[in-house]
Amino acid sequence: MNCVAAYSCICLFLQFQDDPERHGLCSILSEMRPVEIIKPGKMLSPETEKALKNNTREPLINELLPSTEFWDAEKTINEIKKYYSSADKQNNVDNVQDSLDCLPNLLSELIGAGDKTYALSALGGSLFYLRQTLLDEKIVPCAEFEPLACSGIINNIRKHMILDSAALENLELLENIRTGGLSG
């Protein structure tokens, strides 16, 4: 008997300036349609909680304990280095330094930026969650890290028109209102 399994895992962790109404977050949630959200428990503002509730379709929400489960930037950096350092050791790469050389380029840039502590903390929450589900050792070393292209939020470069969540819903760009499908 053949057993086939498929995993689709997109972990989104980013940090950006948003307005008080969380229009940027609402747009990203409308575009990405998350089915599961990992967040620090009792730390998000009421406006952010409202955006999560109103711009998603009842995803599974995992609230992690701040610091011990939803790690800060420093702990995240130390933990992520372990995955890539051990992968280099298995591939017989000598002299793995305690530096950023063993990490994927985008992670090294993110860590080197210095002001991305919230994004690194979000990555820490994802790492903790993957570790709890026993998927971390399989997924993290082969993960591909790419900048988020949607919404033009990365580096504040906006090459395209940005539509807020209400416009995306009312124009039925991502799905039609009647059936929830793509046609129409």
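The legends below describe close-up views of a predicted protein model.

**Figure 1. Overall arrangement of secondary structure in the predicted model.** The protein contains seven helices and two strands. Their order along the sequence is α-β-α-β-α-α-α-α-α. Of the 184 residues, 33% are buried. Among contacts between residues at least 6 apart in sequence, 62% link residues at least 24 apart. The accessible surface amounts to about 12,700 Å², and carbon and sulfur atoms account for 52% of this area.

**Figure 2. Pairing of strands E1 and E2.** Strand E1, residues 36-40, and strand E2, residues 60-64, run parallel and are joined by five bridges. The chain passes from E1 to E2 by way of helix H2, residues 46-54, in a right-handed β-α-β crossover. Within this pairing, Ile 37 stands opposite Ile 61 of E2.

**Figure 3. Surroundings of Ile 37.** Ile 37 belongs to strand E1. With a relative accessible area of 10%, Ile 37 is buried, because this value lies under the 20% limit. Beyond residues up to four places away in sequence, Ile 37 touches Leu 52, Thr 56, Pro 59, Leu 60, Ile 61 and Asn 62. One of these residues, Ile 61, is also the residue that stands opposite Ile 37 in E2. The C-alpha atoms of Ile 37 and Cys 11 are 9.4 Å apart in space, while the two residues are separated by 26 residues in sequence.

**Figure 4. Helix H1 and its packing.** Helix H1 spans residues 23-32 and is mostly covered, with seven of its 10 residues buried. The buried residues are Gly 24, Leu 25, Cys 26, Ser 27, Ile 28, Leu 29 and Ser 30. These buried residues pack against helices H2 and H7. Just after H1, Arg 33 adopts a positive phi of about 50°.

Figure 5. In helix H4, residues 105-113, the buried residues are Leu 107, Ser 108, Leu 110 and Ile 111. They lie on the same side of H4, because the arc that they cover around the axis is only 160°. In an α-helix there are 3.6 residues a turn, so residues three or four places apart point the same way. The face of H4 turned away from the buried side bears the exposed residues Asn 105, Glu 109 and Gly 112. Gly 114, which follows H4, has a positive phi near 80°.

Figure 6. Glu 175 lies in the segment after helix H7, which comprises residues 165-170. Glu 175 counts as buried because its relative accessibility, 17%, is under 20%. Leaving aside residues up to four places away in sequence, Glu 175 touches Arg 33, Arg 57, Gly 180 and Gly 181.

**Figure 7. Cysteine residues Cys 102 and Cys 142.** Cys 102 has a relative accessible area of 12% and is therefore buried, the limit being under 20%. Cys 142, at 56% relative accessibility, is exposed, because this value is over 50%. The number of disulfides in the model is zero, on the criterion of cysteine sulfur atoms within 2.5 Å.

Note on methods:
Residues are numbered from 1 along each chain as its sequence is written. This is a predicted model: local features need pLDDT of at least 70, side-chain atom pairs count only at pLDDT 80 or more; totals for chains, interfaces and linings use all residues. Side-chain values use heavy atoms; hydrogens and water are left out. Helices (H or I, at least four residues) and strands (E, at least two) are DSSP runs, numbered from the N terminus. Buried means under 20% relative accessible area, exposed over 50%, partly exposed in between (1.4 Å probe, protein chains only). Contact means heavy atoms within 4.5 Å. Accessible areas come from the Shrake-Rupley method with a 1.4 Å probe; for residues, only the protein chains shown count as cover. Two strands pair if DSSP finds at least two bridges between them. A crossover is right-handed if, with the strands pointing away from the viewer, the path from the first strand over the helix to the second runs clockwise. The arc is that of the directions from the helix axis to the C-beta atoms.
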